[in-house]
Amino acid sequence: MNSAEWHARIESSGEVAGAGFLVTPRRVLTCAHVVHQAAAGTLTVTFTERPGSPAVPARVVADGGWGGGPTDLGDLAVLELAHDVPIAPAALAPVDAAHGHRPDRPRKLVVYGFPVGFDEGTLAEYRITATQLLNREWIQLEAWQPGGQPLAPGFSGAAVTLVDTGEVVGMVTAAAGDRGVHNGRMMPTEVMARYWPALDGLVPTADHGTADRARLRELVERAVRAGLDGDPGRRVRLYEAARGPLDPDAPEEGFDSLWSAALFVLCEIDGDDAATTVARFTAHVESLFQAPVESAAAPDWSPILVDLQHSGAGDGHVRVEVSAYSGGRRHPVGSDTVAQAGLRAYVQDRIEAAFRYLTPGCDELITFALPRDWIDLPVDRWASTPDDDTPLGCVYPLVVTDQARRRAGVRHQLTRVWNRLDSVPGARVHRVECGSPEEPRRLRMRLRQDDACLAAFATAPAAPRTRPHFDTSLNAPAPMVVWSREGCAAGPDEPCAGGDGCVGKTFLDELDTCLSGVPPAELPRRVLALREEADAEDGHWAHDIQLLWDDPRVFTDPHGQAPAQVHSPVA
């Protein structure tokens with residue numbers, strides 16, 4: 001989950017006043033002392049983990065009755081944003097989660113604030129000194145390590161989170177005030193709920209395991225982003241199908257979102273059977289992704305194959321062969337050795353000629369067969385015709401495949417895989433992260449299992465740290481591979497952890513949302529839609545998407561005509 005996006009920077013008249021965190025799509029919590037001097041109409045909230053997103057106007061709608069002094073109680077303010085924001089709210093942890101299970105092994109806590117010089121935000125690591133509540137209001141924090149980032153102005157209002165789950169256990173309200181003393185105070189969530197009762201319904205019970213809570217929140221976030229939130233009746237049906245005989249009825253007013261239904265399960269259901277209920281509800285949410293996203297029949301593809309090869313006549317030339325497949329036959333359209341300067345024009349002309357062999361109104365598919373060292377070629381960005389610069393990949397479904405996979409043995413393996421995929425309701429994305437990719441041999445085993453489907457890469461094929469994994473995916477052979485030609489920007493000497501802000505992680509997160517649940521046969525059509533969106537929107541995550549999609553059955557010639565063979569003119 002992109003949990004860091006809910007961290008907020010509070011500004012007054014354009015100046016940083018402190019920190020806060022999103023708890024509903026329209027509510028942000030912070031300290032009362034952060035906003036008490038702000039003039040009406042001057043408060044704004046910025047979500048810094050969404051670079052480029054505009055500040056959102058806000059106003060104070062509730063507080064804890066803070067008196068204005070550093071030791072006064074009720075230092076809490078609730079801000080209402082001018083509109084809902086499309087960000088998953090912070091996940092709150094059960095009461096006492098910050099304490100850990102053993103006093104000799106405290107849990108590491110992380111705080112994200114905006115002290116002077118760090119307008120973009122910085123992190124501090126802390127732990128609680130003891131479980132005792134000071135004045136029934138605060139828990140004392142102390143630095144995890146001597147010399148770490150001290151709490152300072154700019155951290156006030158920041159969420160205190162568990163480092164391993166990202167769940168919120170409290171809010172920073174004060175620093176020590178003495179130079180060199182690295183401690184402070186936080187208001188735990190149960191105290192915050194005392195001042196703002198609406199928070200009570202957001203704190204889960206301790207009867208649900210950490211992994212179960214994280215899994216449910218991840219699925220709900222994906223469902224919301226994919227537009228699968230559903231109508232109020234469907235949300236109630238999901239809950240009613242999951243609840244046990246002793247669990248409470250759904251609220252009479254229903255649930256205003258899938259989030260509120262999930263929070264009801266996590267926060268209102270406890271006892272011995274709580275884990276069973278959350279597991280059933282999680283399974284029902286997951287089933288939302290298994291329904292076909294589109295009701296249209298699977299395409300009956302008629303491909304136009306553009307075969308590009310090294311010519312053997314020098315670096316400035318390319319061997320090109322174009323064929324059309326229709327009615328179970330291959331129709332050769334043209335072949336030649338072409339200078340690179342004239343390659344695009346030649347391909348444009350032959351693709352146009354190839355359409356004459358296709359059945360009118362059929363599902364056309366442009367396929368480029370490329371040598372492996374050209375597999376990242378941006379053929380989808382080539383102009384569609386000499387007098388229309390609309391990218392080819394924004395006009396037709398367009399995919400690439402690897403020349404080395406044209407061998408008969410590989411085609412036999414792929415045919416068997418695709419026969420199995422015909423019964424798969426939706427693509428399952430196997431993520432190859434840029435930070436810590438799995439060992440190539442293990443990846444090969446994973447991609448050869450029955451549920452393997454779509455290998456998705458956070459980096460481009462040429463990236464040294466994942467090139468072996470990319471080659472493994474092609475050799476497995478994976479029926480579908482997708483990546484961004486931009487990929488993660490980290491070089492071989494600056495390894496990326498794959499965290500929030502990484503281009504590669506963002507690509508995989510968005511891909512997981514957009515392609516999970518799409519039947520494998522329809523992926524070229526779905527990627528076409530993504531390319532059209534990206535062409536109309538600057539900075540779109542799918543601008544450089546490349547899809548290797550390889551179903552040998554669409555190139556079948558029942559009359560025995562062999563696939564196009566390319567020969568070097570030197571031979």
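Ser13 counts as exposed, because its relative accessibility is 55% (exposed means over 50% relative accessible area, buried under 20%, and partly exposed in between, with a 1.4 Å probe and protein chains only). The model is predicted: local features need pLDDT of at least 70, side-chain atom pairs count only at pLDDT 80 or more, and totals for chains, interfaces and linings use all residues. Residues are numbered from 1 along each chain as its sequence is written, and side-chain values use heavy atoms, with hydrogens and water left out.

- Ser13 sits in the loop between β1 (7-12) and β2 (15-24). Helices (H or I, at least four residues) and strands (E, at least two) are DSSP runs, numbered from the N terminus.
- The phi of Ser13 is near 55 degrees, a positive value in a residue other than glycine.
- Arg136 also has a positive phi, near 60 degrees, and is not a glycine. Arg136 lies in the loop between β8 (122-128) and β9 (139-143).
- Arg136 counts as exposed because its relative accessibility is 58%.
- Ala476 and Pro477 are joined by a cis peptide bond, with omega about -5 degrees. Pro477 is in the loop between α10 and β22.
- Most residues other than glycine have a negative phi, and most peptide bonds are trans.

**The whole protein**

- The protein has twelve helices and 23 strands.
- Of its 571 residues, 50% are buried.
- Take the contacts with a separation of 6 or more: residues 24 or more positions apart account for 68% of them. A contact means heavy atoms within 4.5 Å.

**Helix α5**

- Helix α5 (residues 258-268) is largely enclosed by the rest of the structure, because eight of its eleven residues are buried.
- The buried residues of α5 are Leu258, Trp259, Ala261, Ala262, Phe264, Val265, Leu266 and Cys267.
- These buried residues pack against α3 (210-225), α4 (232-242) and α6 (274-287).

**Aromatic pairs**

- The structure holds twelve aromatic pairs. Rings of Phe, Tyr and Trp (its six-membered ring) pair if their centres lie within 6.5 Å; planes under 30 degrees apart count as stacked, over 60 as edge-to-face and the rest as tilted.
- Phe368 and Trp382 form an edge-to-face pair, because their ring centres are 5.8 Å apart and their planes stand at 85 degrees.
- This pair links distant parts of the chain, 14 residues apart: Phe368 is in strand β16 (residues 363-370), and Trp382 is in the loop between β16 and β17.
- Phe368 is buried, with a relative accessible area of 0%. Trp382 counts as buried too, at 5% relative accessibility.
- Phe470 and Trp483 are also edge-to-face, because their ring centres are 5.0 Å apart and their planes are at 85 degrees.
- Phe470 belongs to helix α10 (residues 467-475) and Trp483 to strand β22 (residues 480-484), so this pair links distant parts of the chain, 13 residues apart.
- Both Phe470 and Trp483 are buried.
- Tyr239, Phe255 and Phe264 are linked into a cluster by ring pairs. Phe264 is one of the buried residues of α5.

**Cavities**

- The protein has two cavities of 30 Å³ or more. On a 1 Å grid over the protein atoms alone, a cavity is a set of points where a 1.4 Å probe fits but cannot get out; lining residues have an atom within 4 Å of a point.
- Grid points are joined across faces, edges and corners, and a volume is the space filled by probe spheres set on the points.
- The second largest cavity holds about 30 Å³ of space.
- Its lining consists of Arg344, Val347, Gln348, Ile351, Trp382, Ala383 and Leu392.
- Helix α7 (residues 343-354) gives the most to this lining, with four residues.
- Five lining residues are nonpolar, one is polar and one is charged. Ala, Val, Leu, Ile, Met, Phe, Trp, Tyr, Cys and Pro count as nonpolar, Asp, Glu, Lys and Arg as charged, and the others, Gly among them, as polar.

**Ser384**

- Ser384 is in strand β17 (residues 383-385).
- Ser384 counts as buried, because its relative accessibility is 11%.
- Its side chain reaches the backbone oxygen of Asp388 at 3.4 Å.
- Leaving out residues up to four places away in sequence, Ser384 touches Gln348, Thr390, Leu392 and Val395. Gln348 and Leu392 are among the residues that line the second largest cavity.

Technical notes. A polar contact is a pair of N or O atoms within 3.5 Å; within protein, one must be able to donate a hydrogen and the other to accept it, and residues adjacent in sequence count only if both atoms are side-chain atoms. On a 1 Å grid over the protein atoms alone, a cavity is a set of points where a 1.4 Å probe fits but cannot get out, and a pocket is an open set with protein on both sides within 12 Å along at least five of seven lines; lining residues have an atom within 4 Å of a point.
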